[in-house]
2 protein chains.
Amino acid sequence: MMKKYNFSAGPCILPQEVFQEASQAILDFNNSGLSILEISHRSADFVSVMEEARNLSLKLLGLENKGYKALFLQGGASMQFLMTAYNLLEKKAAYLNTGTWATKAIKEAKFFGEVVEVASSKDKNFNYIPKNYKVPTDADYFHCTSNNTIFGTQMKEFSSVAIPLVCDMSSDIFSREMDFSKFDMIYAGAQKNMGPAGTTLVIIKEDILGKVSREIPSMLNYKTHIEKDSMFNTPAVYAVYVSLLTMRWMDRKGGVKAMEELNNKKAALLYSEIDRNELFKGYAEKEDRSTMNATFNLTDESLKDRFDELWKAEGINGLNGHRSVGGYRASMYNALPPHSVTTLVEVMQELERKA
Amino acid sequence: MMKKYNFSAGPCILPQEVFQEASQAILDFNNSGLSILEISHRSADFVSVMEEARNLSLKLLGLENKGYKALFLQGGASMQFLMTAYNLLEKKAAYLNTGTWATKAIKEAKFFGEVVEVASSKDKNFNYIPKNYKVPTDADYFHCTSNNTIFGTQMKEFSSVAIPLVCDMSSDIFSREMDFSKFDMIYAGAQKNMGPAGTTLVIIKEDILGKVSREIPSMLNYKTHIEKDSMFNTPAVYAVYVSLLTMRWMDRKGGVKAMEELNNKKAALLYSEIDRNELFKGYAEKEDRSTMNATFNLTDESLKDRFDELWKAEGINGLNGHRSVGGYRASMYNALPPHSVTTLVEVMQELERKA
């Protein structure tokens, strides 16, 4: 079988050793003689998986013993778009619009109250991160998106605000060091840096809850899930387990600090080729470039077929850009080996030689 | 490794051949050289999984070409408790209360309107199914629970009602033949007969939607998921895939008809031992006994330690009753081999010999 270089935007590559363990647990979990798919979520073995996953997510972000609770919920970031507003929006919320997902989050929040868009980069099809905006101090919370998978932009600074700060980190959680305690709530669909599709990490400071007057159905209420340690109802057992395996792998490799170093190296390698090679141009503004998703186009569209043939022949996968941007997108999540980026750069150079 | 007999109430046993295929797909899916956990949900390979899963669920229930849509959503039956009401309850809904899960469904519906409890078996701790109740014809829909996992009761008849009929079939879907076209909506958490935890099958007749005046956030709106063929956002890829493998297995084995025959045999074997062996007594009323979950108690509680030792020594797993009932619960879902029931019956007879 030919080696694959998986640049998929998500669900995406996870560490090979995680796949090995994850496959084995389907046949026999913890030497129990049972598959992880057939054990009760109330069994000691799984309760311990859930507890370790919650604790390790906080540890990796440096948020232990700081008043945060970690939850593993279902429904993806899309469910969080409405749950954040359901739980936090009494009158007015402030949102930063940096792309498709931020736009969707704004749409759902509007079901629950007024939304102030503090700034938007829609004027340039979201190829930059707005700066110098003002966040109204009378809003219930401020919501932003740390990394924009589709457009390849990433927030580098998070200014302190006097109101609760909520961040969708679906596509760059665990990818870089930061003082995460400036956030009051962080959420992330698992299927980029954390695990397979099917579970969503929600990290929340309990003191921002209980301030809206509406009644909240049990499953949509963060308090329900906090009280029951993410086990109010049957959780997504296997997705949580594989997320735990992936977080253990990060922890073994040196945590978020080590991930960041590797991610910076991979991103530097690819962006320097994009900037050097005259056949390519980057899509996002340089200062806002994402270390997770590099978006770029050919300067001469007539080379498209030749380039596509070259990278496909090399075993590269998932390089097509999102339809909103076109061109190419190389997603370089934590688990992507640097060698994959080297391979892509070589293909870009081969195109240059043949062009 | 000792052979295990897994009577877990859910998540529960799935066919051994499903575990084999499910484990292999983690290492290499469809000979793609990629894990099913790392491929895009928009890839042709997964789009085809989702399509086949939706179609096969309808085929197994005899609901093809009858105006039904099948969806694979996240959040379990607990999320459906609120979504049914969010989408269908304008003024008043009618609910049959047959146990813990029905009670929870009623609680969530009350967030959205008036709930009429047409009947309840709470007076006898839910050990029977109420009959001869009247369903108000001016209710928006009638909701019932086909099988009560905790109490071991199962509805055998579903009277036709003039209003939309909604049924939570989480713990007995695909277990018996029936004219499923009498239901307007069926939902089921996967983790009993259909697959692993993490996805929920929702089968719905489109014409019952769009009749409430409230606005519905996108993720909670069935119309959103119908329009996008369950791919509005990233679905629970692996849980859907393993559900498909399990449905294919049912289909190969002869479909729901074959499952029913086997389930009836397994249930008859165990219940006849419960009735014959004077050390045991059944919990549920005989006419309402579930073929999926047999609940029973020791007639002499002082034998508890001896019985527990015996079945554990035999490799039996998951036999403890739910705390609301006590005693024992043997869950005999589709994938439980008849030999497991024989083994349990032998242990019950061994206790009798030694008592």
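**Exercise 1. The annotated domain of chain A**

Describe the region of chain A that carries the UniProt annotation "domain: Aminotransferase class V".

*Solution.* The UniProt record, an unreviewed entry, assigns "domain: Aminotransferase class V" to residues 5-336 of chain A. UniProt positions are given in the numbering used here, feature names are shortened, and annotations may be inferred rather than shown by experiment. The structure is a predicted model, in which local features need pLDDT of at least 70 and side-chain atom pairs count only at pLDDT 80 or more, while totals for chains, interfaces and linings use all residues. Residues are numbered from 1 along each chain as its sequence is written, chains are lettered from A and ligands numbered from 1 in the order in which they are written, and side-chain values use heavy atoms, with hydrogens and water left out.

Step 1: residues 5-336 of chain A are 32% helix and 18% strand. Helices (H or I, at least four residues) and strands (E, at least two) are DSSP runs, numbered from the N terminus. Step 2: the end C-alpha atoms of this region are 8 Å apart. Step 3: chain A contains nine helices and 14 strands.

**Exercise 2. The overall form of chain A**

Determine how the radius of gyration of chain A relates to that of a compact globule.

*Solution.* Step 1: the radius of gyration is taken over C-alpha atoms, and the globule rule is 2.2 Å times the number of residues to the power 0.38. Step 2: for 355 residues, a compact globule would have a value near 20 Å, and the 21 Å of chain A agrees with this. Step 3: along its principal axes, the C-alpha trace of chain A spans about 65 × 55 × 30 Å.

Step 4: of the 355 residues in chain A, 63% are buried. Buried means under 20% relative accessible area, exposed over 50%, and partly exposed in between (1.4 Å probe, protein chains only). Step 5: among contacts in chain A with a separation of 6 or more, 67% come from residues 24 or more positions apart; a contact means heavy atoms within 4.5 Å.

**Exercise 3. The nonpolar cores**

Identify which residues of the largest nonpolar core touch the most other members.

*Solution.* Step 1: a nonpolar core is a set of buried Ala, Val, Leu, Ile, Met, Phe, Trp, Tyr and Cys residues joined through side-chain atoms within 4.5 Å. In soluble globular proteins, nonpolar side chains tend to be buried together. Step 2: the largest core has 155 residues, and A:Y238, B:Y238 and B:F307 touch the most other members. Step 3: beyond residues up to four places away in sequence, A:Y238 touches residues including A:A22, A:I26 and A:L37 of chain A, and B:I26, B:L37 and B:Y238 of chain B. Step 4: a second, separate core of 66 residues includes A:M79, A:F232, B:F112 and B:F232.

**Exercise 4. A residue listed as a binding site**

Locate A:R42 and list its contacts.

*Solution.* Step 1: the unreviewed UniProt entry lists A:R42 under "binding site". Step 2: A:R42 lies in the loop between α1 (16-27) and α2 (44-60) of chain A. Step 3: not counting residues up to four places away in sequence, A:R42 touches A:V47, A:M231 and A:F232. Step 4: the side chains of A:R42 and A:H41 form a polar contact of 3.4 Å. A polar contact is a pair of N or O atoms within 3.5 Å; within protein, one must be able to donate a hydrogen and the other to accept it, and residues adjacent in sequence count only if both atoms are side-chain atoms.

**Exercise 5. Buried or exposed?**

Classify A:E273, B:D288, B:F7 and B:E227 as buried or exposed.

*Solution.* Step 1: A:E273, in helix α7 (residues 255-276) of chain A, is buried because its relative accessibility is 3%. Its side chain makes a polar contact of 2.9 Å with the side chain of A:Q349.

Step 2: B:D288 is in the loop between β11 (280-282) and β12 (293-298) of chain B. With a relative accessible area of 2%, B:D288 is buried.

Step 3: B:F7 is in the loop between β1 (5-6) and α1 (16-27) of chain B. B:F7 counts as buried because its relative accessibility is 0%. B:F7 and B:L344 are 337 residues apart in sequence, with their C-alpha atoms 9.6 Å apart in space.

Step 4: B:E227, in helix α5 (residues 222-227) of chain B, counts as exposed because its relative accessibility is 64%.
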